[in-house]
Amino acid sequence: MSRDSTAGTAVTAREQDPAERAEQREPEEPGQKGDPAAGPPEPGTTGESAEAAEPSESGGAERTRRGTASRRLRVAGVALLAALLLAGTGLLVQAARLNGDDALANRALTDASATAAVSGDVSNALSKVFSYAPEDPGVTARDADELLAGRAREQYRRLFGQIQQRVVAQELTLTTHVVRAGVVRLDGDDATLLVLLDQVTERRGEDPASVGAQLSVTAEKQDGQWRITDLKSR
Amino acid sequence: MSTRLPPLRGVPQRRTVLAALAAALVLAFAGFSAWRYADAATRDDLDFARERDRVLAAGQEHIGTLNSIDGADPDAGLARWQDATTGQLHEDLRRSRAASADAFERAGITARATVTEAAVTELDTRAGTAKALATLRVETSGGAEGTRTDRKRYEAGLERTADGWKIASLTAITVEGSGT
């Protein structure tokens, strides 16, 4: 009985040992390996009863020491996992901060083709709507309806109402050239541009006169076409 | 002791599985977040976009500086002009500084410029060159014409220096055919 009991404790110690060590050292592996490792020795009833019957003094002390050691390892493992969790969260927050950077939200120049597209559309629209010919000012009005939207349409109607009378009465020709255009901001379907214009006015029988104009233009993409929604003289 | 021992034996197995599961999850999470971070941190367009914003900020500031002068202390203004420029323009300003200071002193003109809008039109981050447009409102006082406000428009060439982006060239965009 006493021999059995010592053998029993030895078995228990042996089978507990690898399982616990494995658990502490490489927490992810025992998931597959730990079970079978703990399986084979399958403690017999003798071991259990023997242990239960009379644990020797030294065996108890040993177990306590081992218990403290394994508890320490467990704490270390948990601490390591907690640290990994924290670090991972920190990295995700950092990544979100980088991806949400305002510099990145503005696609001006970063997206070269989109920048060229909005710049071209807006330049075209401006030279169309700010060019009038006495022969047919209606063309300009129709262009304006198509190329302007929102506030810009109202701003333009007010302006065009005044000009239309002069255009017809004085046989005025106004031609607008875009000299330079730069995209200040491009964010999805919204854009802000700075456009430098030259406006040439021609009265029949007179030399043409040129004036410069600078506009901050707000544009919005609707159905694949950029439309001017606001104009501001600079 | 006898009552506590038996569960000790069964528990490690369940605990092992749970611990392994938790560890695997945490490791997977850590790996995922590391990948997300590396992906975000190495974006080329972020560096480019930030450089564009730096060019815009420097351009606005320097173009404003180059259109401002204090009639009471033109030399300080000319020193700022030099600080805002690089290359040939910087050299030209250095050479003409004494003469310019005299001229401004005699004229006693004070100009205060406000950049009303600016946009970067070109940026080559490798070459360290850029172009920007700017429109300004310049209030001039103290001259023979009294106080007046002018609208100006410029195209500036910028170059990257050890001290940030500086103006290498500044061209007024004149109206074609108007002769100004």
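How far apart do the C-alpha centres of domain 1 and domain 2 of chain B lie? In this predicted model, the two centres are separated by 61 Å. Domain 1 of chain B covers residues 1–42, and domain 2 covers residues 45–172.

Confidence was examined for the model and then by chain. The model has an ipTM of 0.81 and a pTM of 0.72. Chain B has an average pLDDT of 89, with 91% of its residues scoring at least 70. Residues 1–5 of chain B fall below 50. That stretch makes four contacts in the model beyond near neighbours in sequence. Chain A has a mean pLDDT of 77, and 74% of its residues reach 70 or more. Residues 1–55 of chain A stay under 50. For this segment of chain A, the model has 73 contacts beyond four places in sequence. Where pLDDT is low, predicted coordinates should not be read in detail.

Chain A contains eight helices and four strands. Along the sequence their order is α-α-α-α-α-α-α-α-β-β-β-β. Chain A has 234 residues, of which 24% count as buried. Contacts in chain A between residues at least 6 apart in sequence were also sorted by separation. Of these, 59% join residues at least 24 apart.

Helix H8 of chain A spans residues 151–169. Its 19 residues reach 28 Å from the first C-alpha to the last, close to the expected 27 Å. H8(A) bends by about 30° at A:Phe160. Just after H8(A), A:Glu171 adopts a positive phi of about 50°.

A:Leu109 also has a positive phi, of about 70°, although it is not a glycine. A:Leu109 sits in the loop between H5 and helix H6 (112–129) of chain A.

A:Asp189 lies in the loop between strand E1 (172–187) and strand E2 (190–203) of chain A. A:Asp189 has 12 C-beta neighbours inside 10 Å and therefore counts as exposed; the limit for this class is 12 or fewer. Beyond its neighbours within four places in sequence, A:Asp189 is in contact with A:Glu220 and A:Lys221. A:Asp189 and A:Ala219 are 30 residues apart in sequence, yet their C-alpha atoms are 8.2 Å apart in space.

E3(A) and E4(A) pair in the antiparallel sense, over eight bridges. Within this pairing, A:Leu215 stands opposite A:Ser233 in E4(A). The hairpin of E3(A) and E4(A) has two residues between the strands. There, A:Asp223 takes a positive phi near 50°, although A:Asp223 is not a glycine. A:Asp223 has 5 C-beta neighbours inside 10 Å, so it counts as exposed.

Chain B also forms an antiparallel hairpin. Strand E1 (residues 110–124) and strand E2 (residues 129–141) of chain B are joined by 13 bridges. B:Val115 stands opposite B:Leu136 in E2(B). Four residues lie between the strands of this hairpin. B:Gly128 takes a positive phi near 75° there.

Helix H2 of chain B runs over residues 44–66. Why does a span of 33 Å agree with the 23 residues of H2(B)? At 1.5 Å a residue, the helix should span 33 Å, and its end C-alpha atoms are 33 Å apart. H2(B) has the buried residues B:Ala49, B:Glu51, B:Arg52, B:Val55, B:Leu56, B:Ala58, B:Gly59, B:His62, B:Ile63 and B:Leu66. Among them are B:Glu51, B:Arg52 and B:His62. The packing partners of the buried H2(B) residues come from both chains. In chain A, the partner is helix H5 (102–105). In chain B, the partners are helix H3 (74–84), E1, E2, strand E3 (148–161) and strand E4 (164–172).

Definitions and conventions:
Residues are numbered from 1 along each chain as its sequence is written. Chains are lettered from A and ligands numbered from 1 in the order in which they are written. This is a predicted model: local features need pLDDT of at least 70, side-chain atom pairs count only at pLDDT 80 or more; totals for chains, interfaces and linings use all residues. Two strands pair if DSSP finds at least two bridges between them. The expected span of a helix is 1.5 Å times one less than its number of residues. The bend at a residue is the angle between axes fitted to the seven residues ending there and the seven starting there. A residue is buried if 20 or more other C-beta atoms lie within 10 Å of its own, exposed if 12 or fewer, and partly exposed in between; C-beta atoms are placed from the backbone. Two residues are in contact if their C-beta atoms, placed from the backbone, lie within 7 Å. pLDDT is the predictor's confidence in each residue, from 0 to 100. Domain bounds come from an automatic or database domain assignment.
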